[in-house]
Structures are given as structure tokens and as C-alpha cells.
Amino acid sequence: CTATYRVVNQWSGGFQGEVVVRNDTTATTSAWTATFTYANGQQMMQAWNAGVVQSGATVTARNVNWNGTLAPGGTATFGFLATWNGTNGTPQATCTVS
């Protein structure tokens, strides 16, 4: 599984981001989870196409009922709005599929 994090748009104090989750296995999956940890105090405000929870600096996103099934090489994308202050560093995202 590969998760790719990127900032789509950024403005003073806020930004829109997205994460693309890719199934790198040879089997169709039924669920995925993506995780990343912010280093600069960013806070999630809203997300779509995933159930997202932030605990401290760590963000965990899980598929919703209609985008968990990924064929080999298939992808799912979720987006979010978040706040930042000072530095908006890019975290390393990881994922798992099942």
C-alpha cells in the first residue's frame, strides 16, 4: 500500500490537502487505513471521502463504505481542510489494506 500526501491549496492559517491511497498488492482489498503525523501543530477541520480522526498530532483516516474496495493498482482519494500556524510541513503518510 502506498499513501501520497499533498497540499492542494494553502492560504494564511489554512490549507486544503489530499491523500491518495494505492493498493500495491495483487489482491482486491475491502478496506484501507492511512496514517500521518503532523510536526508543526496542524489541525484537521473537515474531511471528505474518509472517516478521519486526529489524536494529538497523529491523523488516522479510514475508508467509507463505498470506497474501501480497491482492485490491484486501484486508488482512493480523500480530501481535507486543516489549519496551520508558522510552518506547514509535509508529513510522510503510510497506509495499510485488508
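Strands S1 and S2 form a hairpin with two residues between them. In its turn, Gly13 has a positive phi of about 85°. The structure is a predicted model, in which local features need pLDDT of at least 70 and side-chain atom pairs count only at pLDDT 80 or more, while totals for chains, interfaces and linings use all residues. Residues are numbered from 1 along each chain as its sequence is written, and side-chain values use heavy atoms, with hydrogens and water left out. Strands here are DSSP runs of E with at least two residues, and helices are runs of H or I with at least four, numbered from the N terminus. Two strands are said to pair if DSSP finds at least two bridges between them.

Strand S7, residues 75-83, runs antiparallel to S4, and five bridges join the two. Gln43 has Thr83 in S7 as its bridge partner.

Another open sheet of four strands has the order S5-S6-S3-S8, also with antiparallel pairing. Its edges are formed by S5 (51-55) and S8 (94-97); each has a single partner strand, so one side of each is left without a neighbour in the sheet. The twist averages 15° from one strand to the next. Strands S3 and S8 run antiparallel and are joined by four bridges.

Thr35 is located in strand S3, and its bridge partner in S8 is Thr94. With a relative accessibility of 25%, Thr35 counts as partly exposed. In this scheme, buried means under 20% relative accessible area, exposed means over 50%, and partly exposed lies in between (1.4 Å probe, protein chains only). Contact means heavy atoms within 4.5 Å. Leaving aside neighbours within four places in sequence, Thr35 is in contact with Thr58, Val59, Thr60, Gln92, Ala93 and Thr94. Of these residues, Ala93 is 58 residues from Thr35 in sequence, yet the two are 5.6 Å apart in space, C-alpha to C-alpha.

Aromatic side chains were examined next. Rings of Phe, Tyr and Trp (its six-membered ring) pair if their centres lie within 6.5 Å; planes under 30 degrees apart count as stacked, over 60 as edge-to-face and the rest as tilted. The structure holds nine aromatic pairs. One of them, formed by Tyr5 and Tyr38, is edge-to-face, at 6.2 Å centre to centre and with 80° between the planes. This pair links distant parts of the chain, with Tyr5 in strand S1 and Tyr38 in the loop between S3 (32-37) and S4 (43-48), 33 residues apart. Tyr5 is buried, at a relative accessible area of 9%, and Tyr38 is also buried, at 4% relative accessibility. Tyr38 also pairs with Phe15: the ring centres are 6.5 Å apart and the planes are at 85°, so this pair is edge-to-face. Here too, distant parts of the chain are linked, as Phe15 is in strand S2 and Tyr38 in the loop between S3 and S4, 23 residues apart. Phe15 is buried, with a relative accessible area of 0%. Ring pairs link Tyr5, Phe15 and Tyr38 into a cluster that also includes Trp32, Phe36, Phe78 and Phe80.

A disulfide is taken as a pair of cysteine sulfur atoms within 2.5 Å. A search of the whole structure finds one disulfide. It is formed by Cys1 and Cys95, with the sulfur atoms 1.8 Å apart. The link is left-handed, with -125° about the S-S bond. Cys1 lies in the segment before S1 and Cys95 in strand S8, so the pair ties together parts that are 94 residues apart in sequence. Cys1 counts as partly exposed, at 33% relative accessibility, whereas Cys95 is buried, with a relative accessible area of 14%.

Technical notes. Axes are lines fitted to C-alpha atoms, for helices over the stretch in contact, and angles run from 0 to 180 degrees between N-to-C directions.
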